[in-house]
Amino acid sequence: MSKYIAAIDQGTTSTRCILFNRQGQIVSVGQKEHEQIYPQPGWVEHNPDEIWQNTLEVIAQARIKASALVTDIAAVGITNQRETSVIWNRHTGKPYYNALVWQDTRTGDLVAKMAETGGQDRFRAQTGLPLATYFSSLKIKWLLENVAGLHEDAEKGEAIFGNMDTFLIWHLTGGIKGGVHVTDVTNASRTQLMNLKTLDWDTDLLTAFDIPRSLLPAIRSSSEVYGHIASEVLPGVPIAGDLGDQQAALVGQTCYEPGQAKNTYGTGCFLLMNTGTELRASTHGLLSTVAYQFGNQPVHYAFEGSVAIAGALVQWLRDNLGIIQNSAEVETLANGVADNGGAYIVPAFSGLYAPYWKADARGIIAGLTRYVNKGHIARAVLEATAYQTLDVVRAMEKDAGVALQSLRVDGGMVSNQLLMQFQADMLDVPVVCPAVAETTALGAAYAAGLAVGYWSNLDDLRQNWGIAQTWQPNMPSNQRDGYYKNWKKAVERSFAWEE
């Protein structure tokens, strides 16, 4: 009997392969970062070929560390940075252009043009999403309009589109020699081209965005066998799970009941609440999206609050300003001061996402005095993530009609004790971190494992979930209210910066 499930976690800054055992514990990890490409202000790209090569490398790393044979791997699950869009040639396997990353804002003019008819919520009824630079639809449209010869190739069926899950599945299952061109319902729901009710590409949406249907992958469930790996890294092993990264974290956190929510603190910050098999519309700036679908079971939906910049703000402090040498130093520096000294940072580097949806916002530092030092700035960097999460939680509570009782958290930033305590203080509810913090990869593993019978049912997965740490709120309400009032003032100052 196979010992492990492998999860490929293709993220914004790196690609990882993690092997999990039946208890949902990490056996080994392979990881490699890829280049972040910034050709112009607001443009963010990745080299898809680099990511593909890194994927092969990290699979090999994880296998070597665990001394795992091919027969030890029952299946592979894939999770990916969502919305990041690439178009490649089905005959050569070569991308026509770099992948446009979810953070990329070059489609701002297209957002405004499309919103002239029907406004920003023109397609929200079908897709649950507002018009924004965030989603794949306008990225595809930009590529078709700006890459020479691409539209013609797309019309002829020679060009094919995918988010990074689709790109990797196609390559892993043979590429130009019969690669499988598929995605799952969670990733499809983030393209702004899938109808949330029919779970299929919507003809009216394709017409509105001028995107040929032949470009798009087949939409499948999140947990089924899509094909088998043709590459020598894991020959013959089935690829059986596919989830966008935030939905994968929801699955990894075992949030299978309506009302259960998780927040992932990564490059961005993403709070998802399971709303069950009923599609619900948000009236407070959240997204309605697909949570997951296991095989032939009914699809589950979710509310999502998306924050563009969280951990990326710490990277900015390190890489652009040089205030810290590595990301872990931000906590040490922030702990050197008692509070933020009156300074607030609104990291609207690519506009503001939920619940504001202000594409014209830009980042600001407010409340500066001569008293403020780099320790206060470091603290304001961490606090910005907690404030943005609080904004999303308040909107979610209004949409769901229930108050949050606790928040399950995961992602790289949960190791930051100062941030997690401040988050509990601002939310005024306990913040809970699971024993296995790599819940995104774990969710992809769970989806793949369920498809091949490695795990029997959801109860098997629930039994794996355990608590590593809980942060209890410990801040007077008047202090909390004062902090939040100043944050809201700072947010308003960031609006309408771009003409």
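Modeller: Gladly! Two strands pair if DSSP finds at least two bridges between them, and strands (E, at least two residues) and helices (H or I, at least four) are DSSP runs numbered from the N terminus. This is a predicted model, where local features need pLDDT of at least 70, side-chain atom pairs count only at 80 or more, and totals for chains, interfaces and linings use all residues. Residues are numbered from 1 along each chain as its sequence is written, and side-chain values use heavy atoms, leaving out hydrogens and water.

Colleague: What makes β5 and β14 a pair?

Modeller: Five bridges join β5 (residues 73–80) to β14 (residues 238–244), and at least two are needed, so they pair. The two strands run parallel, and N80 stands opposite G244 in β14.

Colleague: What is the strand order in the open sheet of six strands?

Modeller: The order is β3-β2-β1-β5-β14-β13, with mixed pairing.

Colleague: Why do β3 and β13 stand at the edges?

Modeller: Each has a single partner strand, so one side of β3 (26–33) and of β13 (223–228) is left without a neighbour in the sheet.

Colleague: Which strands does helix α1 touch?

Modeller: Helix α1 (residues 48–66) touches β1 (4–10), β2 (14–20) and β3; contact means heavy atoms within 4.5 Å. The direction of α1 makes about 150° with that of β3, where angles run from 0 to 180 degrees between N-to-C directions, and axes are lines fitted to C-alpha atoms, for helices over the stretch in contact.

Colleague: Where does helix α9 lie?

Modeller: Helix α9 (residues 245–252) lies across β5 and β14, at about 105° to β14.
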